Amino acid sequence: MTMRIFISKDAAALSVGADKVAKTLSAELASRGIAADIVRTGSRGLFWLEPMVEVATAAGRIAYGPVTSADVASLVDSLTASGMHPLCLGPVDAIPYLAKQERLTFARVGVIDPTSVADYIAHGGYEGLEKAIALSPADIVEEVTKSGLRGRGGAGFPTGIKWKTVLGASADQKYIVCNADEGDSGTFADRMIMEGDPLLLVEGMTIAGLAVGATLGYIYIRSEYPHAFRAFQTAVDAARKAGYLGASVAGSGKAFDIIVRLGAGAYVCGEETALLESLEGKRGIVRAKPPLPALKGLFGKPTVINNVLSLAAVPHILADGWKTYADYGMGRSRGTLPFQLAGNIKFGGLVEKAFGLSIHEAIYEFGGGTRSGRPVRAVQIGGPLGAYFPSSLFDTALDYEAMAAKKGMLGHGGIVVFDDTVDLAAQARFAFEFCVKESCGKCTPCRIGSTRGVETIDRILAGEDPAKPLALVRDLSQTMLDGSLCAMGGLTPYPVLSAIDHFPEDFQRGLTRVAAE
Amino acid sequence: MTAQVSSGTAARWNDAVAKDIIDARRSEPGAMLPILHDLQEAFGYVDQSAVPVIADVLNVSRAEVHGVITYYHDFRHAPAGKHVLKICRAEACQSVGCRDLIAHVEQKHGLELGKTSPDGSITVEEVFCLGNCALSPAVLLDGELIGRVTIDDIDQIIETAARPA
Ligand SMILES: Cc1cc2nc3c(=O)[nH]c(=O)nc-3n(C[C@H](O)[C@H](O)[C@H](O)COP(=O)(O)O)c2cc1C
Ligand code: SF4
Ligand code: FES
């Protein structure tokens, strides 16, 4: 019987040598005359174990990792003889990191061949679309509303309500826009979907199209993700060829198609109106709201704009019903969130869980503490505009409201861990610097305030008595909070002020530091 | 659509080829960014001479085209080196020492972010997150992602780039 072997081609797995392992393995098997299919999948998101090799057996898939090409010969030995290879991790589904998760959106990632429509359907794909085709647009919107799904791009706005507005608007053309700009440091969930289960996103966009009466979708993928761009384009072509995109989606008589676009390295183009400007071919400058994109969006037409994970949650909601989804989670945060454990962390990767996990559980029970082995001193959650939290706040639950209550934000679910060598004054400086670089330039507080912020923190770093400069930073921050059109300028004060409030000792340079040395 | 992945293996600027690239997307709504990406993919940068051509084909002002090219970090105004190394400077990579990597590139190799080496072998650029934050520090070398990058890796990349092919 032909052996089936699975190796990830996710960009992160490639970044630590997955291609080389696949090639070496293929050559080794051929030289021994062993018939085998090597299927290239997405990643399970257990990145410290990549490159991971999985072998299909009667007892399920057995995992090995992290495998280097030097391990390949002995690995093949152990497959043909009996005996356990030292890199054997046992059945992949029993690895605690994976077994403890609640994978809905990521259920197929790392399992299937992402380029194959047949494989997608064999694993439950397009069940949501089949259900949606049988429903009226209003009923599809109702399912999504009842599920409690909130936008996963950061703001947490109820997805169903947004769709309802677009459904209610009348126009000759409406659009679905998928926000795949994923610019937050510490996040990679969108990328993993686009590479590991892109048809899920194609299906989600298609259902959105049926729900609001849009026949065309655009996806805006950041240019820092060349692998995701290629993978998603391949999936769109495959879906079209199989009749799941085009003039009559799955024979429904309803049209929907997708155009894949590439960003150009501007963080602010993740903001929805800047993204629309960019898609239209202009500079990515934030638009004032109203009008809402739902009424006047892309090319002035009613537009649903949603994050990758929001749209990718939809097929499951339609397939299994809104209640199954809503049964996960806590309070007003329903369903699951794919958390991303990043930075100085031992077991970095993707953890999909119902809302409600604490920061402590995420970074210790899943993450295993720091990669450096030193104590954790701070985490930054929610990307470059998210607050820095000290260990005294690690009992906070990872849900939208609980984070906001501690002056933090969940954002897109990225958790970046820092050990005790971190300098929070340098991190605060970086937050301002990032705002200088990425501001769209429309509002003075954001554009000029951030530059003043960098200069002021530099005075502190140079050893000046921090009292006056810190008062100035607080003042600047208030102006940015009050006078910015979007969250770029409006939230940059969060990382800055949280660093100052929770780690004041890092801003006492000069005398005390010199005296201590 | 082409792969649109900027690498260092670009041809010399050619006005006729550039015109064809621009014309190919003439009827596409919002074609500006795709055109600029196609040009950069073909030539490694967007030459000033393309500005009036794009303006004409898309029926917008030259100032508008110029504004777009300068607004986005991706578009280069001069040819890149033979190889392009993008080093991530964002927070997750900071937490495991990307500041040291960059200092090393600047001090030991005398290279500046955003500039090309004097021998034209390599352009080093900053980037904010490559989506490889669980395997930081990360870099993108000619479109290939590399994770858990060490100072030795950086030395090897820069030295290999400088060697005649
Ligand atoms: C500066 C800035 C950057 C943003 N970046 C992203 C991004 O990369 N991806 C994303 O989905 N949303 C991003 N957003 C949020 C979007 O504006 C918008 O809320 C989101 O795309 C709506 O989709 P959702 O409701 O599905 O979350 C950003 C917002 C701001 C202010
Ligand atoms: S806050 Fe900054 S990024 Fe947002 S609109 Fe104003 S200037 Fe642009
Ligand atoms: S922060 Fe460097 S890859 Fe994400």
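Visitor: How many residues of the shell around ligand 1 are nonpolar, how many polar and how many charged?
Guide: Please keep in mind that this is a predicted model, in which local features need pLDDT of at least 70, side-chain atom pairs count only at pLDDT 80 or more, and totals for chains, interfaces and linings use all residues, while side-chain values use heavy atoms, without hydrogens and water. Residues are numbered from 1 along each chain as its sequence is written, and chains are lettered from A and ligands numbered from 1 in the order in which they are written. Ala, Val, Leu, Ile, Met, Phe, Trp, Tyr, Cys and Pro count as nonpolar, Asp, Glu, Lys and Arg as charged, and the others, Gly among them, as polar. On that basis, the shell around ligand 1 holds 4 nonpolar, 8 polar and 6 charged residues.

Visitor: Which residues come nearest to ligand 1?
Guide: A residue is near a molecule if one of its heavy atoms lies within 4 Å of it. There are 18 residues around ligand 1, and those that come nearest are Gly153(A), Asn179(A), Asn306(A), Asn307(A) and Ser310(A).

Visitor: How far is an oxygen atom of ligand 1 from an N or O atom in the side chain of Ser310(A)?
Guide: Let's go through the polar contacts, meaning pairs of N or O atoms within 3.5 Å. A polar backbone atom of Gly153(A) is 2.7 Å from an oxygen of ligand 1. The side chain of Asn306(A) brings an N or O atom to 2.8 Å from a ligand 1 oxygen. For the side chain of Ser310(A), the distance is 2.6 Å.

Visitor: How much of the accessible area of ligand 1 does the protein cover?
Guide: The area comes from the Shrake-Rupley method with a 1.4 Å probe. Ligand 1 on its own has 610 Å² of accessible area, and the protein covers 90%.

Visitor: Which element gives the most residues to the shell around ligand 1?
Guide: Helices (H or I, at least four residues) and strands (E, at least two) are DSSP runs, numbered from the N terminus. Two elements of chain A, helix H20 (487-491) and strand S9 (303-307), each supply at least two residues. With 3 residues, the one that gives the most is S9(A).

Visitor: Which residues come nearest to ligand 2?
Guide: The shell of ligand 2 divides into 8 nonpolar, 4 polar and 1 charged. From the 13 residues around ligand 2, the nearest are Cys440(A), Lys442(A), Cys443(A), Cys446(A) and Cys486(A).

Visitor: Why does the radius of gyration of chain A agree with a compact globule?
Guide: The radius is taken over C-alpha atoms, and the globule rule is 2.2 Å times the number of residues to the power 0.38. Chain A agrees because its 517 residues would give a compact globule a radius near 24 Å, and the chain has 24 Å.

Visitor: How many helices and strands does chain B have?
Guide: Chain A comes to 22 helices and 16 strands. Chain B reads α-α-α-α-β-α-α-β-β-β-β-α along its sequence. Its C-alpha trace spans about 50 × 35 × 25 Å along the principal axes. The secondary structure of chain B comes to 7 helices and 5 strands.

Visitor: Where is Pro66(A) found?
Guide: A cis peptide bond, with omega about -10 degrees, joins Gly65(A) to Pro66(A). Another cis bond runs from Glu50(A) to Pro51(A), with omega near -5 degrees, and Pro51(A) is in the loop between strands S2 (36-41) and S3 (53-57) of chain A. As for Pro66(A), its place in chain A is the loop between strand S4 (60-64) and helix H3 (72-80).

Key: A polar contact is a pair of N or O atoms within 3.5 Å; within protein, one must be able to donate a hydrogen and the other to accept it, and residues adjacent in sequence count only if both atoms are side-chain atoms.
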